[in-house]
Amino acid sequence: MPMLEIDGTSLFVREAGTGPTVLLIHGTGGDADFWGDAFAQLAAHCRVIAYDRRGYSRSASRPTGHHDLHADDA
């Protein structure tokens, strides 16, 4: 499982494609899989990154209500 270490927290990350980067950030209750076929369709034209936010699904951390922390992760 591809993981990215940020400030001592492991975040699950999916990445595909090349070119300009598009970062997909899921909402509350979702995860990186939320984007479905859109992920692959975008990857045909650009570099796409989707990740499980801190405290969601495969990312190892407790949930946080601090939006500034989520912004720093992104």
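Here is a chat about a predicted model, covering its sheet, one aspartate and some ring contacts.

Student: Okay, what order do the strands of the open sheet come in?

Tutor: This is a predicted model, by the way. The open sheet has four strands in the order β1-β2-β4-β3, and the pairing is mixed.

Student: Which strands stand at the edges, and why is one side of each left without a neighbour?

Tutor: Those are β1, residues 3-6, and β3, residues 21-25. Each has a single partner strand, so one of its sides has no neighbour in the sheet.

Student: How much are neighbouring strands turned against each other?

Tutor: On average by 30°, ignoring direction.

Student: Let's zoom in on β1 and β2. In what sense do they pair?

Tutor: Antiparallel, over four bridges, with β2 covering residues 9-16. Within that pair, Ile-6 stands opposite Thr-9 of β2.

Student: And what's in the turn of that hairpin?

Tutor: Two residues lie between the strands, and Asp-7 there takes a positive phi near 50°.

Student: Switching topic: where is Asp-73?

Tutor: In helix α2, which spans residues 67-73.

Student: Is Asp-73 buried or exposed?

Tutor: Buried: its relative accessible area is 8%, and the cut-off for buried is under 20%.

Student: So which residues does Asp-73 touch?

Tutor: Leaving out residues up to four places away in sequence, Asp-73 touches Ile-6, Leu-11 and Arg-54.

Student: Now rings. How many aromatic pairs does a search of the whole structure find?

Tutor: One. That pair is Phe-34 with Trp-35, arranged edge-to-face. Their centres are 4.9 Å apart, with 90° between the planes.

Student: What's the relative accessible area of Phe-34?

Tutor: Phe-34 has 56%, so it counts as exposed.

Student: And Trp-35? What's the value there?

Tutor: For Trp-35 the relative accessible area is 24%, which makes it partly exposed.

How values were computed:
Residues numbered from 1 in each chain as written. Predicted model: local features only at pLDDT ≥ 70, side-chain atom pairs only at ≥ 80, totals over all residues. Heavy atoms only, no water. Pairing = 2+ DSSP bridges. Axes fitted to C-alpha atoms, helices over the stretch in contact; angles between N-to-C directions. Buried < 20%, exposed > 50% of the residue type's maximum accessible area, 1.4 Å probe, protein only. Contact = heavy atoms within 4.5 Å. Phe/Tyr/Trp six-rings, centres within 6.5 Å; stacked < 30°, edge-to-face > 60°.
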